[in-house]
Amino acid sequence: MFFLMTLKRSLSVHPQSFGPNLREIVVNRLLKEVEGTCSDRTGFIVSVVEVLDSGMGRIVDNHSGFAVFPVTYKAVVFRPYKNEVFDGTVSHVNKMGFFVKIGPLRAFVSKHMMPDDVVFDLEANPPAFSSEGSSLHIAPGTDVRVKIVGIRFDASDIFAVATIKEDYLGPL
């Protein structure tokens, strides 16, 4: 799910950057450092929407001259939750299951999390899962609807396990 969050960060700036464009340099540095990153507390930071406050810098070390600026900003973040349903695209298929790309999130769907009649097709090129009784066919590039059943938050990434074994889930 996407959220608009107010976040804070301290940015260190080299004295070479001090001058009339200091605020612009701090904002550009913030965008470069936080957009596209992931934290276990907030999720994936998709975009910085607005810089609310760029406080006065404080010199940290008398020998180097670096200054630390506290910055408060609003950002759009993506944080998945258990039992949430997403549409994504299959990126990789192997005999154990398949991976789905859901924006910045990558989820794994095990063969045990698929309907019982879905089997791995050994002769398909590229590798695919298919069902004999229906027209279900899952190969790389297939758009699918999945339900998240488990999430693990790492310091710099989020991993998810999903299912297509319920009603209205599977290829679109």
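Helices (DSSP runs of H or I, at least four residues) and strands (DSSP runs of E, at least two residues) are numbered here from the N terminus. The model is a predicted one, in which local features need pLDDT of at least 70, side-chain atom pairs count only at pLDDT 80 or more, and totals for chains, interfaces and linings use all residues. Residues are numbered from 1 along each chain as its sequence is written, and side-chain values use heavy atoms, with hydrogens and water left out.

Two strands count as paired if DSSP finds at least two bridges between them. Between β9 and β10 (residues 128-131) there are four bridges, in the antiparallel sense. One of the residues involved is valine 118, whose bridge partner in β10 is serine 131.

The loop between β9 and β10 holds proline 126. The peptide bond leading from asparagine 125 to proline 126 is cis, with omega near 5 degrees.

Two further loops contain residues with a positive phi. Asparagine 83, in the loop between β5 (67-78) and β6 (85-94), is a residue other than glycine with phi near 75 degrees. Tyrosine 168, in the loop between β13 (158-163) and β14 (170-171), is not a glycine either, yet has a positive phi of about 70 degrees.

Relative accessible area is termed buried under 20%, exposed over 50% and partly exposed in between (1.4 Å probe, protein chains only). Asparagine 83 is partly exposed at 49%, while tyrosine 168 is exposed at 75%.
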